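Please read the following note with the structure open beside it.

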Amino acid sequence: MLNTLNIHRLETGNIGDLVAAPVLYFEELAKVERLDILGNAVSDQKQVDTWYDKVRQAEAIIVGGGGLLAMEKFEGTLKEIIESGKKVIVWGAGNNKGKIDSLLGMRVATPPEIAKCTLAGTRDAGAANWVPCASAMSPLFSKQYEITRDVVFFANKAMAGNSSYIPRDFPKSAIMGNMNHTMDEIVAFLGSANTVVTSSYHGAYWATLLGRKVVGIPTSSKFYSLHHPVPLSHPADWQRFMKLARSYPDALEECRAANRTFFTKVMDELTTSVKKRSLN
């Protein structure tokens, strides 16, 4: 297999970003090294140099998952990677444009550089090649969780000003955030309720995979491009939108099937070049 890196958001307490790396879920990719997409922007020059050395040595780079597209702080690095001349594969990344202060909606076109990639599978609805976050492959979603509550709130606490998106009428015992919790803890929390109200992308995604109903509190464009759409509400009005929420019983297998299919394409790209090299 080609010398490959998986670049995503790694140096963070946000569990959704940490577990979005596709190489975590496929044995054939288990030895692929992961790098933080912001690893070239730290204050330690030695770390920056090491980051660039690893990128230069790589023959192929997997970008994703996570909300890495159409987000200003990632744009420069993504452009560098895509224009590097290497095999670049986008896997499960999606739009994450700006902060939304109204419910008028926002849809962001896929960045044009994506067309330059060797392979591109993005998590956004309507994408030419829809490939959802690879975290769907986690065995946690194959477990059964007892429903003990009607509704819980899962907060995107990684976001600046996150507290303004948390409904005031939620008891603290029914609220969890996406920072500094394990995936096991979060999935069990989401699975404990009939309905999940959330300002987190992965809160909405994982609750959907669990067959739970979801009401979204939109914080960026990512909420407007969910493949399995959810009603979107202002934090103060979530109860009115509960009746519009629905479950998607086939979502888990649909998301896993899309990732398995894309994995086959990725392995073809990562191994075909090696075979050609050996023949020469």
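**Note on the predicted model**

1. L244 is found in the loop that runs between helix 6 (238-241) and helix 7 (251-279); helices (H or I, at least four residues) and strands (E, at least two) are DSSP runs, numbered from the N terminus. With a relative accessible area of 53%, L244 is exposed; buried means under 20% relative accessible area, exposed over 50%, and partly exposed in between (1.4 Å probe, protein chains only). The C-alpha atoms of L244 and V215 are separated by 8.3 Å, and the two residues are 29 residues apart along the chain.

2. On the basis of the note: this is a predicted model, in which local features need pLDDT of at least 70 and side-chain atom pairs count only at pLDDT 80 or more, while totals for chains, interfaces and linings use all residues. Residues are numbered from 1 along each chain as its sequence is written, and side-chain values use heavy atoms, with hydrogens and water left out.

3. In soluble globular proteins, nonpolar side chains tend to be buried together. A nonpolar core is here a set of buried Ala, Val, Leu, Ile, Met, Phe, Trp, Tyr and Cys residues joined through side-chain atoms within 4.5 Å. The largest such core has 70 residues, and L29, W91, M183 and W206 have the most contacts inside it. Helix 7 supplies the largest share of this core, 8 residues. Apart from it lies another core, of 21 residues, among them W51, V63, F74 and L78.

4. Which residues does M183 touch, not counting residues up to four places away in sequence? Its partners are I15, V19, Y25, S135, S138, L140, F141 and W206, where contact means heavy atoms within 4.5 Å.

5. The whole structure contains 7 salt bridges, a salt bridge being a side-chain nitrogen of Lys or Arg within 4 Å of a carboxyl oxygen of Asp or Glu. One of them joins E33 and K54, whose closest N and O atoms are 2.5 Å apart. E33 lies in strand 2 (residues 33-36) and K54 in helix 2 (residues 45-57), so this pair ties together parts that are 21 residues apart in sequence. E33 is partly exposed at 34%, and K54 is partly exposed at 28%.

6. E269 and K87 form a salt bridge, with 2.8 Å between the closest N and O atoms. Because E269 belongs to helix 7 and K87 to strand 5 (residues 87-95), the pair ties together parts that are 182 residues apart in sequence. E269 is partly exposed, at 24% relative accessibility, as is K87, at 21%.

7. The largest pocket has a volume of about 650 Å³. A pocket is found on a 1 Å grid over the protein atoms alone, as an open set of points with protein on both sides within 12 Å along at least five of seven lines; lining residues have an atom within 4 Å of a point. Grid points are joined across faces, edges and corners, and a volume is the space filled by probe spheres set on the points. The lining of the largest pocket has 29 residues, of which M71, K73, N96, N156 and K222 lie nearest its centre. Helix 3 gives the most to this lining, with 3 residues.

Methods: On a 1 Å grid over the protein atoms alone, a cavity is a set of points where a 1.4 Å probe fits but cannot get out, and a pocket is an open set with protein on both sides within 12 Å along at least five of seven lines; lining residues have an atom within 4 Å of a point.
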